[in-house]
Each structure stands twice: as structure tokens, then as C-alpha cells.
Amino acid sequence: QVQLVESGGGSVQAGGSLRLSCVVSGYTYSRGCMQGWFRQVPGKEREGVASISRGGTTFYVDSVKGRFTVSQDNAKSTLYLQMNSLSPDDTAVYYCAASGPRPICTLSNALDRSKYNYWGQGTQVTVSS
């Protein structure tokens with residue numbers, strides 16, 4: 001059974017940093033096609049924030065470029081999101097997502113929810129001004 005377990009959420013002041021972690025189990029992590037982070041605020045659609053392919057190619061939504069960094073550790077089966085220079089606009093519930101293993105992995109729709117089959121429970125990130 002595939003399971004994603006998140007940690008690292010919390011409250012921080014504007015300009016501060018947080019690091020989110022997501023441990024993936026149920027398959028060999030290195031065989032996964034893509035893994036990523038999404039966020040959602042009440043009344044708005046869940047949006048893709050950052051993602052990374054099994055080959056290490058990264059993708060970011062424009063609003064976080066230069067501030068957020070997505071990375072992974074195959075040995076630990078863990079996905080990370082380092083968030084720096086946080087602003088109140090970053091306040092949201094953040095979700096870890098994984099596509100799972102695929103024999104052929106394309107880079108299309110890297111920040112599209114349809115790319116991903118498995119999801120974490122979500123963790124709240126609150127940035128105060």
C-alpha cells in the first residue's frame with residue numbers, strides 16, 4: 001500500500017523559512033515518475049507549487065521561483081520542500097503528492113493534479129505579517 005506522511009508544517013513570521021518533508025512508502029522511491037507539492041486555501045483550487053522527476057528535473061510555479069526549492073533523497077524515500085522568504089500569500093494547506101512508478105516518465109503536466117495518483121493528508125503552513 002502506498003502511503004505519504006508529511007511533517008514540518010507550522011507557523012512562521014514573514015521572511016522566515018520552513019522545510020516540509022514527505023516520506024513515501026509502498027514502492028521503491030527511485031522508480032516513481034514524479035513527486036510534488038501542492039497548496040490550497042479555502043474557496044480556491046488546489047495549485048501545483050513545485051515538483052521533481054525521478055531524473056531530477058524540477059518545476060516551480062512562478063510565484064515561488066527563487067524562494068522555494070524541491071529536492072528528494074532516494075535512500076530515505078523522502079521528498080522535501082525548502083521554503084524561504086515566506087510571505088502571508090504562502091499561507092495554505094500544503095499537500096505532498098506522488099505519481100507512483102511508471103515504465104515511461106514524461107515531463108508533461110508536472111504541476112497538474114492529474115499527474116499524481118497518491119496524496120498526503122495535508123499540513124497547515126501559516127505565515128504572519
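This is a predicted model: local features need pLDDT of at least 70, side-chain atom pairs count only at pLDDT 80 or more; totals for chains, interfaces and linings use all residues.
Across the whole structure, 2 disulfides were found. One of them joins Cys22 to Cys96, with an S to S distance of 2.0 Å. Because Cys22 belongs to strand β3 and Cys96 to strand β9 (residues 92-98), this pair ties together parts that are 74 residues apart in sequence. The link of Cys22 and Cys96 is left-handed, with -80 degrees about the S-S bond. Cys22 counts as buried, at 0% relative accessibility, and Cys96 also counts as buried, at 1%.

A disulfide is likewise formed by Cys33 and Cys105, whose sulfur atoms lie 2.0 Å apart. Cys33 is located in the loop between β3 and β4 (34-40) and Cys105 in the loop between β9 and β10 (118-119), so that parts 72 residues apart in sequence are tied together. The torsion about the S-S bond of Cys33 and Cys105 is about 80 degrees, and the disulfide is therefore right-handed. Cys33 is buried at 0% relative accessibility, whereas Cys105, at 22%, is partly exposed. With the bonded cysteines of the chain numbered in sequence order, the pairing reads 1-3, 2-4.

Strand β3 (residues 18-25) also pairs with β1 in the antiparallel sense over 5 bridges. In this arrangement, Glu6 stands opposite Cys22. Glu6 lies with Leu4 on the covered face of β1 (residues 3-7), while Gln3, Val5 and Ser7 make up the uncovered face.

Arg67 occupies the loop between β6 (58-60) and β7 (68-73). At 18% relative accessibility, Arg67 counts as buried, because the cut-off for burial is under 20%. Beyond its neighbours within four places in sequence, Arg67 is in contact with residues including Gln82, Met83, Asn84 and Asp90.

Notes:
Residues are numbered from 1 along each chain as its sequence is written. Side-chain values use heavy atoms; hydrogens and water are left out. Buried means under 20% relative accessible area, exposed over 50%, partly exposed in between (1.4 Å probe, protein chains only). Helices (H or I, at least four residues) and strands (E, at least two) are DSSP runs, numbered from the N terminus. Two strands pair if DSSP finds at least two bridges between them. Contact means heavy atoms within 4.5 Å. A disulfide is a pair of cysteine sulfur atoms within 2.5 Å.
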